[in-house]
Amino acid sequence: MNLLWTLVLSLLLAGQLGFTLEVEEKKAAEPEEPVAHASKPDDRQACHMWMGGVPGTPGHSGLPGRDGRDGKEGLNGEKGIPGEPGAKGEPGDKGGDGPQGPRGFPGNPGLKGDQVESALAPRSAFSVGLTSRVSAANVPICFDKLFYNEQRHYDDAGGKFLCAFPGVYFFTYHLTIYPRDTRVSLYRNDKAVMFTFDQFQENNLDQASGSIILRLEAGDKVWLQVYGEEKHGGIYADNTNDSTFSGFLLYPDAPATGQRR
Ligand SMILES: *[C@@H]1O[C@H](CO)[C@@H](O)[C@H](O)[C@H]1NC(C)=O
Ligand SMILES: [Ca+2]
């Protein structure tokens with residue numbers, strides 16, 4: 001290969017040399033031509049005069065050269081146009097619970113409560129009467145006409161008042177007496193504590209009455225009954241003549257009140 005290249009180059013060099021010599025001869029032969037022409041040979045003219053050789057076949061491509069050295073770092077370019085905002089991202093996961101905050105200040109005092117003592121105070125009262133005459137002795141008189149018995153502390157079937165709240169109680173009775181003498185007692189737990197006696201006047205109507213204040217314990221019982229013989233039972237009642245028995249809690253004992261506060 002090298003040999004071939006050397007041959008080609010030699011041929012070209014020889015051609016050039018011949019051409020130069022030819023020009024020198026022309027100069028001498030034609031001195032009237034401008035000098036400028038002499039220094040710059042006319043190729044076309046030369047081609048006309050020369051018998052050019054057959055162009056050589058193009059050489060094969062050489063091997064690729066080695067990579068050049070890295071160039072110097074260029075200057076910073078101009079600042080680019082800001083890009084458009086990206087799409088909104090999806091919400092992230094919920095975070096965990098934070099630490100407990102500090103203790104708050106004490107609140108303001110509450111408003112004063114309503115007066116409820118009267119609503120919570122124990123209540124006990126009854127007022128009853130007879131619907132018919134009573135003559136049986138030594139048994140509780142059963143008052144079956146109820147004027148008031150809201151707490152049902154008076155047992156209208158047994159005729160006895162049952163104390164629910166310990167305290168001081170007031171009892172009173174107003175009896176119509178007809179047609180015989182009457183002895184009546186107020187009992188507390190199977191013991192007569194008060195006696196009333198009426199002597200009946202012929203062709204008349206009598207009244208017998210009594211009142212008492214007693215301290216009672218829860219469970220105590222109070223009632224009226226005729227004492228003595230049946231002939232002493234003249235407690236009377238009809239549509240227009242009543243015989244009544246009433247009682248109520250005057251005031252409860254302090255402990256009972258305290259329990260309900
Ligand atoms: C009861 O009282 C009325 C008057 O209101 C009288 O007419 C009647 O006779 C009385 N009952 C008895 C048994 O006396
Ligand atoms: Ca009398």
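Let's start at the ligand: in this predicted model, ligand 1 has a shell made of Tyr 178, Leu 205, Asp 238, Thr 240 and Asn 241. Sorted by class, that shell holds two nonpolar, two polar and one charged residues.

Now step back to the protein chain as a whole. Its secondary structure consists of five helices and 11 strands. The chain has 261 residues, and 17% of them count as buried. If you look at contacts with a separation of 6 or more, 73% of them are between residues 24 or more positions apart.

Five strands build an open sheet, and its order is 3-4-9-6-7, with antiparallel pairing. At the edges you will find strand 3 and strand 7, each of which pairs on one side only. Inside this order, strand 4 and strand 9 run antiparallel and are joined by two bridges. To see this pairing at the level of residues, find Leu 162, which stands opposite Lys 221 in strand 9.

Here are the strands with their residue ranges:

| Strand | Residues |
|---|---|
| Strand 3 | 154-155 |
| Strand 4 | 160-162 |
| Strand 7 | 192-198 |
| Strand 9 | 221-226 |

How confident is the predictor? The average pLDDT of the protein chain is 83, and 75% of the residues score at least 70. Residues 26-38 are a stretch to treat with care: pLDDT stays under 50 there, and the model gives this stretch two contacts beyond four places in sequence. Where pLDDT is low, the predicted coordinates should not be read in detail.

Key
Residues are numbered from 1 along each chain as its sequence is written. Chains are lettered from A and ligands numbered from 1 in the order in which they are written. This is a predicted model: local features need pLDDT of at least 70, side-chain atom pairs count only at pLDDT 80 or more; totals for chains, interfaces and linings use all residues. A residue is near a molecule or strand if its C-beta atom, placed from the backbone, lies within 6 Å of it. Ala, Val, Leu, Ile, Met, Phe, Trp, Tyr, Cys and Pro count as nonpolar, Asp, Glu, Lys and Arg as charged, and the others, Gly among them, as polar. Helices (H or I, at least four residues) and strands (E, at least two) are DSSP runs, numbered from the N terminus. A residue is buried if 20 or more other C-beta atoms lie within 10 Å of its own, exposed if 12 or fewer, and partly exposed in between; C-beta atoms are placed from the backbone. Two residues are in contact if their C-beta atoms, placed from the backbone, lie within 7 Å. pLDDT is the predictor's confidence in each residue, from 0 to 100. Two strands pair if DSSP finds at least two bridges between them.
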